[in-house]
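Hello,

Here is the structure I promised to pass on. Please have a look at it first, and then read my notes below.

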There are 2 protein chains.
Amino acid sequence: MPRPRQLPDRAELRAWRDFIETTEALRTVLAGRLQSDTGLSPGDYAVLLALSEAGPGRMRSSELAAQVGWERSRLSHHLGRMERRHLIRREKAAADSRGAEIILAPAGWTAFREATAPHLRAVRELFVDALTPAQVEAAADIAAALREHLERLGHR
Amino acid sequence: MPRPRQLPDRAELRAWRDFIETTEALRTVLAGRLQSDTGLSPGDYAVLLALSEAGPGRMRSSELAAQVGWERSRLSHHLGRMERRHLIRREKAAADSRGAEIILAPAGWTAFREATAPHLRAVRELFVDALTPAQVEAAADIAAALREHLERLGHR
DNA sequence: CCAGTATGATTGACACATCAAACACAGGAG
DNA sequence: CTCCTGTGTTTGATGTGTCAATCATACTGG
């Protein structure tokens with residue numbers, strides 16, 4: 001009795017490679033634009049976005065981690081670099097003094113404000129303009145299906 | 001006279017975020033599997049694949065760089081790490097002694113051979129099985145459109 | 001009150017990526 | 001032969017990501 005096929009066929013493999021390599025290239029190009037337009041990395045942008053969306057521009061570190069979907073360690077390293085550049089500050093949380101409050105510094109507000117438009121323009125130019133409206137929808141569906149599948153598989 | 005719309009609308013932006021974040025997550029999960037199944041990173045795998053496809057398992061460094069689509073500097077750093085683990089060796093090129101020949105070492109052959117099946121299984125499980133056949137095709141089309149657009153835009 | 005454990009966050013070590021600078025040899029003009 | 005320039009590759013500096021270990025404070029059962 002034959003086991004179910006386990007390996008992708010030639011066409012599926014080609015689709016996979018094209019897909020993964022292209023999205024990788026897209027990420028790289030977009031990151032390069034953001035960097036040269038604004039001096040921010042995608043990580044910087046994600047952090048600033050999350051902070052700016054929290055009304056007062058301040059947030060608990062773990063909340064921020066959840067918001068951007070990063071591990072705490074990664075966030076902590078990244079915040080260290082951002083703090084060096086005075087984009088954010090850290091304070092002990094008043095409520096729970098184990099915790100840290102991350103505060104969007106003035107330079108951070110400015111950088112974020114000036115980055116938004118160029119970033120969105122680049123998204124439009126590199127992603128939206130490359131695809132038909134139907135393809136944009138299809139991309140969203142594919143992403144949803146992949147994510148759902150990933151989550152169903154759990155973490156192994 | 002109104003300029004063309006420059007920024008993505010809400011739905012487009014959501015599609016973009018879902019798309020880019022999901023592909024990123026997919027990459028990460030796949031890399032994790034490869035790592036834990038075989039001890040190789042995606043970069044290692046790409047290099048070993050390219051070398052193994054060159055009949056004798058040896059290739060000029062710049063040819064290898066072109067094959068995997070990396071900058072030379074990146075390749076050089078990566079080869080340094082792979083050499084430390086005895087997956088490859090480097091020799092001066094006979095023809096042009098500026099150049100380096102990269103040689104797939106025995107441990108490299110073995111690692112690659114043992115990595116292939118698990119890797120392909122993971123691709124099937126995480127990508128192909130998550131999508132309908134039509135979606136796999138759509139993904140390939142989207143990748144093609146994105147890549148073509150990227151290339152048309154050139155490098156800025 | 002006070003172990004013991006749980007939780008929020010940071011640290012250190014290392015792999016990976018990118019940029020610019022350096023290095024080493026090749027090949028041609030004089 | 002010697003300088004000059006170009007090409008193939010490496011190196012160093014720095015930013016980014018992951019894992020495991022650590023640190024500090026909070027909480028809980030006795």
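**What surrounds the DNA and joins the chains**

Around DNA strand D, at least two residues each come from helix 2 (42-53) and helix 4 (72-84) of chain A, and from helix 1 (10-38), helix 3 (61-68) and helix 4 (72-84) of chain B. Helices here are DSSP runs of H or I with at least four residues, numbered from the N terminus. This is a predicted model, where local features need pLDDT of at least 70 and side-chain atom pairs count only at pLDDT 80 or more, while totals for chains, interfaces and linings use all residues. Residues are numbered from 1 along each chain as its sequence is written, and chains are lettered from A and ligands numbered from 1 in the order in which they are written.

Helix 4 of chain B gives the largest share, six residues.

DNA strand C also has 28 residues around it, with A:Ser61, A:Ser62 and B:Ser41 among the closest. Here helix 4 of chain A gives the most, six residues.

The two chains also meet: 38 residues of chain B are in contact with 38 residues of chain A, contact being C-beta atoms, placed from the backbone, within 7 Å. On chain B's side, helix 1, helix 5 (106-126) and helix 6 (133-153) each supply at least two residues, and helix 6 of chain B has the largest share, 13 residues.

Enjoy exploring!

Technical notes: A residue is near a molecule or strand if its C-beta atom, placed from the backbone, lies within 6 Å of it.
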